[in-house]
Amino acid sequence: MNAHLFSKNGAFIMLALDHDESFRKIINPTDPKSVSPEEVINLKRDILTPLLPHVSGLLLDSEYGLPAYNKAFQEGSKPPYLLRLEKSGYEGTALERYTKIAYKAQELKERGAQGVKLLLYFNTSSPSAQAQTKVALDACADARTANLPIFVEIVTYDIPSAPSSRSSLILSSLRTLTKAGVAPNVWKLEFPEDNPSACAEITKHAGFTPWILLTRGVTFDVFKEQFKQGKRAGAQGFLAGRALWQEVGKYQGEERKRFLSETLPSRFKELAKLAS
C-alpha cells in the first residue's frame, strides 16, 4: 500500500477533480441541474488534458472524472488516480453530518484506482462524531483488505452551540481520530487560516503519516500563500481543486482555451515548484 506512488521526489503534487454539484454550479450557476453528464465529463477532460505532464496523481469521481480521464489520456503513460469511496455530499443536517459510503475499495481497484479517498465531515462536538469515526475505521480496514492506500480528508464545520476556531476544529478532529486508531496512509487537511502556526501542531499530531493541503474553494493566490506556510511547517504536498480551475465557467471560446492551456498549467507549475 504505497501512497508515495502518488508523489514526485517526496512531494504529493495532485489535482482534485472529484466534484459533483459544485462543478455543475461552475458550468451553470443559475441552473446547475440542467447541466448534462456529457458537459461535466467534457469540461473535466479539458481541465485534465493540459496538466498531464505536471501531476503526480489525481483524485477523481467514478461517474464523471473517470470517464474524463479515459478520454483525456488514451495513449502514453497515465498518472495514478484515487477514486472516492463516499457519496457526494453528506446525510443528516448541517449540524450533524454523516458520510455515506458508496463503493467498496476492491470495486474501485477493479476500475483502475491505485488508491482511494474518504471525505469525512467532522466536529468532535457533533452527535455524529462517533459514527463518523467508525466510518473512517471501516474505510481504512476496507482499503487495507484491497491492498490500496487510503487518503482521509477531514472537512470540519462549526456548531453554533459549541463555537470553535478553524485551527481548533482541525486539531481536535485529528486528535480524536488518531486516538481512536484511524490510520490512513495520507491525511488531506484544511489550512488553519485563523492560526497558521497550528500547521506545526498538525505535523506533530500526524506523526509519521504525511499530510497534504486541500484548497476548499479559496482563490488561487490565497491557496498559494497557504501552501507556502503549510509546507514550511511540514505539509508534504497538496491535492488542489477549485483554487486552480474554478473560474473556468466564466470563459467561453478562445478565452476558455487560453485559460485551460496557459493559466491552468502555469498555476499548477507554481504550486509544484513550491512543493519541491
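The legends below describe close-up views of a predicted model. Residues are numbered from 1 along each chain as its sequence is written, and side-chain values use heavy atoms, with hydrogens and water left out.

**View A. The largest nonpolar core and W187.** The largest nonpolar core comprises 74 residues, and L15 and W187 have the most contacts inside it. A nonpolar core is here a set of buried Ala, Val, Leu, Ile, Met, Phe, Trp, Tyr and Cys residues joined through side-chain atoms within 4.5 Å; buried denotes under 20% relative accessible area, exposed over 50%, and partly exposed in between (1.4 Å probe, protein chains only). Helix α10 (residues 253–275) supplies the largest share of this core, seven residues. Helices (H or I, at least four residues) and strands (E, at least two) are DSSP runs, numbered from the N terminus. A second, separate core of 11 residues includes A3, F12, F151 and I212. Apart from neighbours within four places in sequence, W187 is in contact (heavy atoms within 4.5 Å) with residues including V152, I154, L174, L177, W211 and I212.

**View B. Packing of helix α8 against helix α10.** The axes of α8 (residues 220–232) and α10 come within 10 Å and cross at roughly 10 degrees. Axes are lines fitted to C-alpha atoms, for helices over the stretch in contact, with angles from 0 to 180 degrees between N-to-C directions. The two helices are therefore roughly parallel, a class that covers angles under 35 degrees, with over 145 roughly antiparallel, 65 to 115 roughly perpendicular and the rest oblique. On α8 the contact involves F220, F223, K224, F227, K228 and K231, and on α10 it involves R267, E270, L271, L274 and A275. These residues divide into six nonpolar, no polar and five charged; Ala, Val, Leu, Ile, Met, Phe, Trp, Tyr, Cys and Pro count as nonpolar, Asp, Glu, Lys and Arg as charged, and the others, Gly among them, as polar.

**View C. K224 within helix α8.** K224 is found in helix α8 and counts as buried because its relative accessibility is 18%. The K224 side chain makes a polar contact with the side chain of E270 (2.9 Å). A polar contact is a pair of N or O atoms within 3.5 Å; within protein, one must be able to donate a hydrogen and the other to accept it, and residues adjacent in sequence count only if both atoms are side-chain atoms. Beyond neighbours within four places in sequence, K224 is in contact with E270, L271 and L274.

**View D. K117 in strand β7.** K117 lies in β7 (residues 115–122) and, at 1% relative accessibility, counts as buried. The side chains of K117 and E86 form a polar contact (2.5 Å). Not counting residues up to four places away in sequence, K117 touches several residues, among them D18, L59, F151 and E153.

**View E. Helices α6 and α7.** The axes of α6 (residues 166–179) and α7 come within 10 Å and cross at roughly 5 degrees, so α6 is roughly parallel to α7. S167, I170, L171, L174, R175 and T178 of α6 meet A198, E201, I202, H205 and A206 of α7. By class, this contact has six nonpolar, three polar and two charged residues.

Key:
Predicted model: local features only at pLDDT ≥ 70, side-chain atom pairs only at ≥ 80, totals over all residues.
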